[in-house]
Amino acid sequence: MFTAILSIALSLVGTSFCAPSNPVLKLTDNDFDHFLKDKETMLVDFYAPWCSDCARLKPEFDSAAKDFALKGKFVFAKIDCFGDGRSICENRFNVHSWPQLKVFRRGQYAGEYSGNQDKASIERFMDSLVKQKVPDNIGQDQPQKNPSAIKENPYGPWYQKGWTYWAMSPGNVPYQNPPGWKRG
C-alpha cells in the first residue's frame, strides 16, 4: 500500500518537473534556421517587446505552450523582432507588424496562424497540425514567373521570392504591399 502511494506521489511530482518553466523557446538570428530545420512543426511568435497586442497574446501563447510541454511536445517558439531576431524579422520575413504567428514545418515556412489569439484556439490549431504527417518534400510557394500577373490580378495572390501575398487579411485588414509591388 505504501509503495503504491509513494509511486503515485512521485509520478505526480515528476510531471511538474518535466515541463520547463518556460516551454516557449527563444530564437535568435544565429540559431533560427539551425533550430527549426529538424522540428516537424513549430509555431513561432514574431513579436516586439513594446507591442500591446504582443503583451495580450503572451499569456495565452505561453499557457498553450505549457499544456503541450506537459504532453512532451515542444512546438512553440518566439523571436524578438527588436532584439536578437531583428535581421530574421526584417530581411527574411519582412515583418513590420506584430505579433505574427508563423508556422514552420521541418524548417520551412508553411503559413500564418490567423485565428483567435486565445489559448483554446491556438491549442486546437496546433493539435490539428501536430497530428498531420509532414511531407518529406515540403517547401515554400514558388515565386511567380510572370511579373504581369500583378496587373492581371490586382487583388492577389501575388508571389515574390517564395512568399504569397494577399490584398486583405482574414480580419479584413490590408496587408502591406509586397516589396517592389506597384499598382499599374
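A charge sits over a ring if NZ of Lys or CZ of Arg is within 6 Å of the ring centre and within 35 degrees of the ring normal. With that in mind, select Lys-102 and Phe-46: the charged end of Lys-102 sits over the ring of Phe-46, 5.7 Å from its centre. Then pick Lys-71, whose charged end is over the ring of Phe-68, 4.8 Å from the ring centre.

A quick word before going on. This is a predicted model, where local features need pLDDT of at least 70 and side-chain atom pairs count only at pLDDT 80 or more, while totals for chains, interfaces and linings use all residues. Residues are numbered from 1 along each chain as its sequence is written, and side-chain values use heavy atoms, with hydrogens and water left out.

**Rings**

Rings of Phe, Tyr and Trp (its six-membered ring) pair if their centres lie within 6.5 Å; planes under 30 degrees apart count as stacked, over 60 as edge-to-face and the rest as tilted. The whole structure has 14 aromatic pairs. (Helices, H or I of at least four residues, and strands, E of at least two, are DSSP runs numbered from the N terminus.) Both Phe-32 and Phe-104 are buried; buried means under 20% relative accessible area, exposed over 50%, partly exposed in between (1.4 Å probe, protein chains only).

**Salt bridges**

Start with Asp-33 and Arg-92, whose closest N and O atoms are 2.8 Å apart. Asp-33 is in helix α2 (residues 32-36) and Arg-92 in helix α4 (residues 86-92), so this bridge links distant parts of the chain, 59 residues apart. Asp-33 counts as partly exposed because its relative accessibility is 41%.

Next, go to helix α3 (residues 52-70), where Asp-53 and Arg-56 lie 3 residues apart, about one turn of the helix. Their salt bridge has its closest N and O atoms 2.1 Å apart. Arg-56 is exposed, at 53% relative accessible area.

Finish with Arg-86 and Glu-90, another salt bridge, at 3.0 Å between the closest N and O atoms. They are 4 residues apart in helix α4, so about one helical turn separates them.

Conventions: Salt bridge = Lys/Arg side-chain N within 4 Å of Asp/Glu carboxyl O.
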